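Morning, everyone. Let's take a short walk through some side chains. Please have a look at the screen.

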Amino acid sequence: MVQVKICGLMTPNDALIVNAAHADFAGFVFAPSRHQISPATALLLKQILLPEISTVGVFVNESIDEILNIFKMGLIDVVQLHRKSNVTEIATLQKMGLKVIQGVDEQSTTFNTNADYILFDRSRGSGKKIDLTYLPHPNQPFMLAGGLTPDNVYQIVKTMSPTIVDVSSGVETNQIKNKQKICQFIKNAKGATYNEQFIQ
């Protein structure tokens with residue numbers, strides 16, 4: 001069954017919503033972004049989240065040392081990298097006990113990564129819809145992000161069979177996480193496994 005990551009948590013209420021919706025992953029954005037949070041805020045949210053929800057740190061240009069400092073604070077279980085990372089850097093993170101998600105261009109056809117997951121995204125969290133036309137099926141677990149919503153996630157999961165789907169702005173109203181949209185997104189994503197579409 002596909003897993004779901006709700007990204008861009010910023011407030012305690014966001015964490016409570018993710019708990020209630022039973023997401024699999026919660027994303028903390030440490031890179032410059034509208035959703036960027038501080039380590040102190042991440043710690044507060046981590047303390048609210050259910051222990052079974054894995055926390056993902058989203059990074060762009062941060063160094064491996066900076067990432068490991070965040071990890072050592074107990075804030076994240078998974079690293080999401082939106083930059084080119086070499087085999088040694090990824091192995092270093094994995095050796096410390098982190099799972100690694102490597103973002104790649106959505107039209108990439110070759111992958112040279114030892115990351116645990118490949119992420120196909122469009123413009124690093126811009127909310128622009130990912131183009132499925134030329135999207136390959138890699139021979140390793142992969143994530144999809146970019147313009148996903150409760151209305152389109154069912155068909156995307158049915159078509160592409162990703163390991164994880166990732167959403168942020170697509171489950172917001174007026175730039176605030178919306179409980180109904182998050183719950184609907186997760187129902188529709190996971191319902192695709194059973195051919196059950198729950199769009200209301």
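Start with Asn19, in helix H1, residues 12-21. Helices here are DSSP runs of H or I with at least four residues, strands are E runs of at least two, and both are numbered from the N terminus. Keep in mind that this is a predicted model: local features need pLDDT of at least 70, side-chain atom pairs count only at pLDDT 80 or more, and totals for chains, interfaces and linings use all residues. Residues are numbered from 1 along each chain as its sequence is written, and side-chain values use heavy atoms, with hydrogens and water left out.

Is Asn19 buried or exposed? Buried, because its relative accessibility is 11%. The cut-offs: buried is under 20% relative accessible area, exposed is over 50%, partly exposed is in between, with a 1.4 Å probe and protein chains only. Asn19 touches Ile48, Leu49, Leu50 and Ile53, leaving aside residues up to four places away in sequence. Contact means heavy atoms within 4.5 Å.

Now the aromatics. There are two aromatic pairs. Rings of Phe, Tyr and Trp (its six-membered ring) pair if their centres lie within 6.5 Å; planes under 30 degrees apart are stacked, over 60 edge-to-face, the rest tilted.

Phe30 and Phe59 are stacked, because their ring centres are 5.4 Å apart and their planes sit at 15°. Phe30 is in the loop between strand S2 (25-29) and helix H2 (39-48); Phe59 is in strand S3 (residues 54-59), 29 residues apart. Both Phe30 and Phe59 are buried.

Next, Phe120 and Phe142. Their centres are 5.9 Å apart with planes at 70°, so this pair is edge-to-face. Phe120 lies in strand S6 (residues 117-121) and Phe142 in strand S7 (residues 142-145), so the pair ties together parts 22 residues apart in sequence. Phe120 and Phe142 are buried too.
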